[in-house]
Amino acid sequence: LEKKYNKVRDFCKKHKTRIHYVVYGILITAYLAVVIAACSFNFQRALPLVIITILAIFFICWDSLIAKYEDRIAAFYSPGERYLEKQWFWLKWVLCAALIITIICWLIFDTAKQGSRQLISFGGLVIYVLLLFIFSKYPTKVAWRPVFSGIGMQFILGLLILRTKVGFDVFNWLGIQMQTFLEYSDIGAKFVFSEKYTDHFFAFKVLPIVVFFSTVMSMLYHVGFMQWLAGKVGWIMQIFMGTTPVESLVAAGNIFVGQTESPLLVRPYLPYITKSELHAVMTAGFSTIAGSVLGAYISFGVSASHLLTASVMSAPAALATSKLFWPETEKPTVTLRSGLQMAKGESKNLLEAASQGASASILLVANIAVNLIAFLALLAFLDSALSWVGNLFDYPQLNFENICAYVFMPLSFMMGVDWEDSFIVGGLLGYKTFFNEFVAYERLSKLIHNREKGGSTYINGVKQYMSVRSEVIATYALCGFANFGSLGLVVGGLTSIAPSKKKEIAGGAFRAMIAGTVACFMTACVAGMLTVPGLEVPCHILLGNAFNSTDFPANSTELVECCQQLFTSVNHSQEVFPGGNYSLSPWKGCCQILDKPAFYC
């Protein structure tokens with residue numbers, strides 16, 4: 001038996017590669033058979049599986065070709081590259097002129113179709129770029145390629161996601177899948193905290209999502225998927241923006257992981273990067289949020305698709321603002337040709353990776369919980385103290401939110417927020433900057449729920465909810481870790497990874513926080529330029545609120561649209577609206593607004 005066993009083992013060792021190919025071939029054939037069978041039963045239901053399969057096949061073939069024929073491909077394209085380098089002097093001016101003409105034409109046609117509100121967002125974007133240039137570390141050394149290409153990538157991504165039906169449907173689908181996926185954390189929360197776990201919503205509903213997502217990210221990191229995905233996104237940004245491999249990879253990594261985890265992807269290279277690259281690494285951390293807390297914000301009721309879009313769009317914006325605020329003045333030592341090897345996970349197997357991910361989230365969950373307890377208590381004390389001071393001058397409404405609202409109101413208006421909502425968004429930006437984005441998103445979720453419920457817009461002179469457009473812009477503006485609490489976290493985290501860069505990290509962290517904040521604001525400007533929201537409030541609530549008050553309401557686009565829907569539904573003998581029976585006041589009001597004949601009404 002031992003001889004036979006040794007003979008079989010030697011055979012397997014000798015033909016190891018062929019056996020692997022055979023096993024892989026059988027598994028791939030079985031998988032394709034399952035996909036074909038699923039398509040034959042119901043193609044619509046199997047469509048996501050087909051798309052994932054096609055993408056997987058494409059990238060496997062792409063990676064295989066690059067690994068095997070990289071030198072040949074480079075040699076094939078080298079004549080074209082040399083020709084472009086020779087003609088680049090005049091070609092860049094032609095491209096710039098074409099870009100400017102395209103933007104002007106688009107703005108003219110879009111303004112004619114959608115109205116002038118998009119122009120405010122565009123103006124805000126221009127002002128933010130000018131402010132960064134004025135306060136740049138080395139204004140005369142700015143390389144404009146990363147700046148314009150970064151903003152261009154933002155705009156293209158936004159255009160695909162927010163203005164095309166395919167892009168919107170894809171990200172909307174991803175958002176729904178993300179919400180469905182995160183709901184599986186409820187099973188663990190229910191088992192540990194019993195059936196009534198939702199009674200303590202934040203502690204037992206939101207925080208378990210952070211644990212669950214951290215576990216999944218750790219598993220994906222172990223199998224190498226996260227490194228592969230970050231590498232692909234980083235490579236795209238490097239090609240288009242001309243940024244170095246280290247900063248591109250970290251910016252891409254920050255879409256998926258936190259500001260202290262993404263630098264670990266390039267840990268061996270951190271001691272050798274330039275000051276500008278280090279600034280870009282920190283800016284990328286400040287301008288995006290981690291996947292683990294993304295799930296928590298979705299659970300608050302903030303739009304999942306907009307949060308995902310903001311995370312993706314802020315990555316190129318981070319590199320653009322960083323290269324404008326701290327231009328490169330040194331020669332980078334880590335280049336593409338020197339080869340960039342990403343760090344791998346330390347876990348031995350998938351179960352250990354899952355366990356490590358769950359254990360690592362303990363610190364994150366505790367950090368979120370204690371910070372919220374401390375910050376909200378401090379905020380209540382500040383509001384009480386400011387109200388007392390305000391009482392001395394007959395202004396008891398004075399509080400921290402009001403002060404922040406006045407400070408940040410011009411900035412929020414520049415993004416394209418409606419003027420009447422800019423005061424509220426200014427307050428949210430203050431919470432995000434001086435406390436953290438958790439507090440800001442929690443406040444934003446309350447405003448969203450108030451709008452969805454309907455009701456009076458103002459109570460005692462205080463606005464209860466914002467327009468959908470303002471909510472969308474606020475979602476993008478708040479989507480980043482740029483706050484004073486994260487400042488210490490970044491300095492401490494990066495110093496522990498690269499002790500030799502301690503002085504440079506401490507010296508550039510504050511500038512990086514400002515650049516990260518502006519990157520989020522620029523993303524919000526692009527969203528403001530491209531967002532076309534539908535009706536703010538359901539028609540049956542809008543009509544009821546509008547015509548049941550003593551004063552006749554002013555004509556608005558939303559009101560006219562609802563009245564038109566009301567008459568159309570009657571003409572076609574359809575159910576009027578969900579919610580059903582109406583009093584005479586909405587009908588009479590709509591007759592006056594649409595100027596319908598008395599008999600018809």
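Modeller: What follows starts with the chain as a whole and then turns to one helix pair. This is a predicted model, in which local features need pLDDT of at least 70 and side-chain atom pairs count only at pLDDT 80 or more, while totals for chains, interfaces and linings use all residues. Residues are numbered from 1 along each chain as its sequence is written, and side-chain values use heavy atoms, with hydrogens and water left out.

The chain has 23 helices and 2 strands (DSSP runs numbered from the N terminus: H or I of at least four residues for helices, E of at least two for strands). Of its 601 residues, 42% are buried (under 20% relative accessible area, with exposed over 50% and partly exposed in between, using a 1.4 Å probe and protein chains only).

The pair is helix α5, residues 144-163, and helix α20, residues 502-530; their axes are 10 Å apart and meet at an angle of about 45°. Axes are lines fitted to C-alpha atoms, for helices over the stretch in contact, and angles run from 0 to 180 degrees between N-to-C directions. That angle makes α5 oblique to α20; under 35 degrees counts as roughly parallel, over 145 as roughly antiparallel, 65 to 115 as roughly perpendicular, and the rest as oblique.

On the α5 side, the contact (heavy atoms within 4.5 Å) is made by Ile151, Gln154, Phe155, Gly158, Leu159, Leu162 and Arg163. On the α20 side are Ala519, Met522, Thr523, Val526, Ala527, Met529 and Leu530. By class, the contact has 10 nonpolar, 3 polar and 1 charged residues. Here Ala, Val, Leu, Ile, Met, Phe, Trp, Tyr, Cys and Pro count as nonpolar, Asp, Glu, Lys and Arg as charged, and the others, Gly among them, as polar.

Gln154, in helix α5, counts as buried because its relative accessibility is 0%. Leaving aside neighbours within four places in sequence, Gln154 is in contact with Ala519, Met522, Thr523 and Val526, and also with Met313, Pro316 and Ala317.
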